Amino acid sequence: MTTTTRPSESADVRRSRLVADVARAGSSVAPYWPLTSFVAVNPLGGLQERPFAEATEVARSWFDGRTHLSLDDYRAEHARGAITDADLDAALGRFAPTLVAESPIEIGQARVDVVDLLRWDLLHGPSGEVIRRARQPIADALDEIVAAWCATYVDDAHVPWAMPDRDQGFYRAWRAVAGGDRRLDSLVGDRRRISDLPEDPVEMLDLAFEIRGVDDNDRVAALRTMVLRTPGWASFARWCDDWAPADHPGVRLKMLDLAAVRAAIDHLAPEHVSFDRSAERDLVAALRARTTTAAGAFALTKPSPHELAAIEAALGQLSEGDRVAIWLSAHEWSFRDRLLTRLDAPVTPPDSAARPDAQLVFCIDVRSEGFRRHLESLGDYETLGFAGFFGVPVRWRPLGSAVARARCPVLVSPRHEIAEVALDDDRGYLSTCSASAGLHDAFSAAKGGIASPFALAESAGWFAGPIAAVRTLAPGKSPTTQLGSTSRSRWRRFTSRPRTAPVVDDVAGRDLHTGLSLEERTLFAEAIVTTIGLASFAPIVVLCGHGSHTTNNPHASSLDCGACGGAPGGASARIATAILNDPDVRSGLAERGIEIPDDTWFVAAEHDTTADVVTVFDTDVLPGEAQALVGALQRDLEVAGERNAADRAKRLPGSAGRVRDRGMDWAQVRPEWGLAGNGAFIIGPRSITAQHDLAGRAFLHSYVADRDPEGVALETIMTAPLVVAQWISAQYYFSTVEPDVFGAGDKMLHNPVGGIGVVVGQSGDLAVGLPMQSVMFGEQRAHDPLRLLAVVQAPLDRVEGIVLRNSGLRQLVEGEWIHVVARPTEHDHWSFRRPGGGWEPWQPADPDHAATAALLTPLEIS
Amino acid sequence: MTTWNNLTAMAKIEVVVDGDDVPAVRDLFLDAGATGYTAVSGVSGFGHHGHHQGKLLFNDRASLSMLITVVPMDRSEALIAGIRRLLDDRHGVLFVSETHVSRPDYFA
C-alpha cells in the first residue's frame, strides 16, 4: 500500500475538489425517479455526451451488461424476415465502406471477397460475446449489505422502526449503527473499527484515497467504480442530487454519502476489490474461433498459416461490438424503410374549408395512434397530437390534498400551482377522504410491522378477507359492486365526489396562493394553439390526456403520461381547457391574431389506456348544443375504445373479452403493453399518417411547417417532446436487450422498497428500468429494440438549424442516439441526416420487402 | 477588509454551465460556505461550442445557466478550486472578480 504525495493544498481546497469529483463521477450515472412518479430515462443517460457506439462500449464494461441483442437474436430476426439480406449488406456498407472495397482474399483455389467473408461471419460465425467478469463472493456480499443499508435509510414505510439520525445523511447515519451489523463480522473483521472512521463523508473519502494511493487524476474513475457497485442505488442518488424537487418530502440519498459508505467498507475489507480479467483473453480466443470456422465454411480443411492470417485479419476488423452494431443498423433501416415507404405514398390533403364536428387533441404517446385511427373512421373528426400536459407546466393539487405534484415533463420546473376546488358542498367527501386515508395509513403500517400483522389478521381479517377473495376470484369486479343495491346507493352518497373545477386564475381573496395571471394564461393559450398548429376550430375541441388504472402494480405510473411527469393527464387537460374557454383569454388571443369562434368549446377528457375508456370531464358547464355534440362524440369514443381494445387483445394473452378488465386484476403482471413497440416520432400533419395503420409504433406530433415560418414551434417540439420520447425509447431499448441489468427483471419477484422502487427477491440493488413482463412475452420480444427515428416534415435547413443550436439535441442526433429523416413537404422525398451533418436521399434497401412487410411482428399468444 | 467607500471587498464568482450541471455548482457553493447564490436560467450566447440557444419553452435543462455567488476572500480559494475541478471535463466558464459589499455579515 502506497501513500500519494499530495501537493501542498489546504484541507478546504482538497475538500472542494473532492466534492467536485463526486459530482463528476455521479454524472456518469443516469437518474432514477421514484415509482410514485416513474419517468422513463435512458439508463445510459450519463454517457449520452458520447456517441452511441462509444457509450455502449463503455457501458458493457461498466455495467457488465449487453447493450444490443445477441448475435443469435439478430439472426433469428433475419431468419423470420424482419431483416433481409439487402438490409444487412447495406448496413455493412455503411459501417465499413472501405472493407467492402478491399481486394479479395486468396483462400484455397478461390478468391473470396472480404464483404462475402464478413457477411458470412455476421450470419454464421461463432459468437465471441465476452463472458461477464466474476467478482469474488465477498464482494457480492458487501454489495448486498450496502444495498440493504440504502433500503433501510430511505424506507420509512415498510420497516418496523426507522433508521436513526437519517437527517444527518446516509454516511453519518450508517456509521452510527453499522458497528452493530453482525453481517459484517466475517467480511471486515472487527466491525467496532467503524467507530474509528471519520465522521464526515468527505474526510472518509479523503482518507480512503490517501491510504489506497489513489492519485488525484484517478479519483473520478475510482469513485465511479465505487458507486456503480450498486448502480440502482447510485441512480437514485443521482436523482436526489440533481433532479429531486426542493420540497421533496423524503430523505435524500446523496452520491457523496453512498460513495463514503462504499469507501468505508472498502477501507475495512480492501482485499475484495479485484476482478477476473479473463475477458481480454476470451476476445483473442473468440477471433480464432471465428477464423477457423470461416475457413471451414469456405472449404479449407487444412488452411495454411498464411490463409488463416488473411482471414483473421479480415474478420478482426470487426470487433464483437461492431458485429452487433451492424446488425442493429440493419434492423433499424429495415424498420425505417417499411415506415417511410408507407409515408412516401401520395397524400390526400384535408379539405381546409370544411369544419369537422369535433377536433380531438391526443397525447403524442404511441398508444393514441390506434385509438385515433378508429375514432376518425367513425365520424367527421379531426385528431391531432400534442404532448399530454397540453403546454401547461404546473403543479396540480387535487381536491382534499395538501400536496401538489408537478404535471409536466421533468425537463420543466413548474412555477405555478393550480388547485382543484369543489363547486358543491364537499364536507362529506373530504371527511371520507380523510378517514379512508387514515385507515389506509394505519393498515399499511400494521402490515409492514413485525408483530402487528398477526394482530391485523385477527382484527381486520373479517373485512380484508372478503375483498381479497373477490379480487382473486372475480378480477375486474370492484368490492362495492358486490354490495346490494341499497347498500351501494348509500355508499355512493357517502363517497361521491362533488363537482370540481381547476382554479386557473389568480383572483385575489381566494387565498390559495395559486393560479395564473391573465397574461400568463394568454401566453400559455397562445403556445398551445400555435404549437399544435390549430388554424381553424370545430364546435368542440377535446383535449384528451391519458392515464392507466391498474391494481397491485408498483410500476403503475410507468403506464401513465410521461409528458405529465408519470401521472395521468386528465388534470392537465382540464386546466388547459379552463384557460382556453376563458373569455378574457380569448380576447387576448384575438389581439394576437388568433380568433377562436364564440361557438367553439374546449372539453377535457382522459383516455384510460388499459380499459380503453375515455372519460369526458366537466360537461355540465357546456351550453346545450355543445352538450349534444359531446353526447354523440361519447358514443363514438366508446365504439373506438371497443375496436382499439380488440386490436390490443391480439397481442395480449388471456381472454380477448376480458382485455379491458386486466387493470383490475391484482394478479395481472401485464395489464397492457404500454409503449412497447415504439420506434418513431413523426412530426407533421396528420394527413401524412392518417391513411396508414402504424401499429402503435409512432409518437405522433402535429405540425404544419407553413404555419411556423420562424420554426419556433418546431424547436419546442424537437427540444422537449422529442427528447422525452428518446428517453422512453432508450428505456424500452435497454430494458429489452438486458432485462436484468438495465431493466427491472422479473416482476414476479419484486418487493417494494420505501415507495421508491423495487428489489428483485428479498434484497439487493434497486431494480431500475421496466419489468421484463413489460417488454417480453416468454421468450418473445414485444418490443423491437431500435433507436428512435425522428421523422420531420419541415424544410431541411430549419431542422438542421434547430439541431445545431441546441447542444443537447445536437448530442443526441450527432451521437446517433436518434436518427433523423425529413422532407420539406409531402411532395418531396425523404432524406436522412448523416451523423456528421448534411442530408442524403433515402432509398429503401429492399423496396418490395419494405412495401409488404408488417410494421410490427405479431406475437404468438397461446 | 474595508477598502473602498467603506465597503468590504469580497470575491464574486460567476459560473456559466449547462443546465444539467447547475446542481453540482450549487452544491459546491454551499459546501464552501456560501450563504446564498443567484441563478439565471436560459442564458444564450456564442462560444467554443457554437451558438447556445436561450430559454426554451418546455425544457429548462437544455440551455445554459449562470450562477453567481459572493464569498469572503478567504473562502474563495477552495470554491474556485472545486469549480475548476468540475469544469475539467465539461463545458462552462468561470469568472472571478473582486466586488464590494455593504453588508459583509450577509455573506460570511
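A residue is called buried here when its relative accessible area is under 20%, exposed when that area is over 50%, and partly exposed in between, as judged with a 1.4 Å probe and protein chains only. The structure is a predicted model, in which local features need pLDDT of at least 70 and side-chain atom pairs count only at pLDDT 80 or more, while totals for chains, interfaces and linings use all residues. Residues are numbered from 1 along each chain as its sequence is written, chains are lettered from A and ligands numbered from 1 in the order in which they are written, and side-chain values use heavy atoms, with hydrogens and water left out.

The predictor assigns the complex an ipTM of 0.94 and a pTM of 0.93. For pLDDT, the predictor's confidence in each residue from 0 to 100, chain A averages 88, with 90% of the residues scoring at least 70. Residues 1-5 of chain A have a pLDDT below 50, and this stretch makes 10 contacts (heavy atoms within 4.5 Å) beyond near neighbours in sequence. Where pLDDT is low, the predicted coordinates should not be read in detail. In chain B the mean pLDDT is 91, and 98% of the residues reach 70 or more.

Helices (H or I, at least four residues) and strands (E, at least two) are DSSP runs, numbered from the N terminus. Chain B holds 2 helices and 7 strands, arranged from the N terminus in the order β-β-α-β-β-β-β-α-β. Its C-alpha trace spans about 45 × 25 × 25 Å along the principal axes, and 45% of the 108 residues of chain B are buried. Of the contacts in chain B between residues at least 6 apart in sequence, 75% join residues at least 24 apart.

In chain A, strand β19 (residues 788-793) is mostly covered, with 6 of its 6 residues buried. In a regular strand the side chains alternate between the two faces of the sheet. Accordingly, A:L788, A:A790 and A:V792 point one way from β19(A), whereas A:L789, A:V791 and A:Q793 point the other way. Two strands are taken to pair if DSSP finds at least two bridges between them. Strand β12 (residues 680-684) of chain A pairs with β19(A) in the parallel sense over 4 bridges, A:A680 having A:L789 as its bridge partner. Strand β20 (residues 818-823) of chain A is likewise parallel to β19(A), over 6 bridges, and here A:A790 is partnered by A:V820. By contrast, strands β14 (residues 750-753) and β15 (residues 757-760) of chain A run antiparallel and are joined by 4 bridges; in this hairpin, with 3 residues between the strands, A:G754 takes a positive phi near 55°.

A nonpolar core is a set of buried Ala, Val, Leu, Ile, Met, Phe, Trp, Tyr and Cys residues joined through side-chain atoms within 4.5 Å. The largest such core has 192 residues, and those touching the most other members are A:W174, A:L205, A:W233, A:F236, A:L253 and A:V799. Helix α26 (residues 721-737) of chain A gives the most to this core, with 11 residues. A second, separate core of 31 residues includes A:V392, A:I532, A:V585 and A:F602.

With a disulfide defined as a pair of cysteine sulfur atoms within 2.5 Å, 0 were found over all chains. A:C363 is in no disulfide, its nearest cysteine sulfur, that of A:C561, being 4.0 Å away; A:C363 counts as buried, at 4% relative accessibility. The sulfur of A:C561 is 3.4 Å from the closest cysteine sulfur, in A:C564, which is too far for a bond, and A:C561 is buried at 0% relative accessible area.
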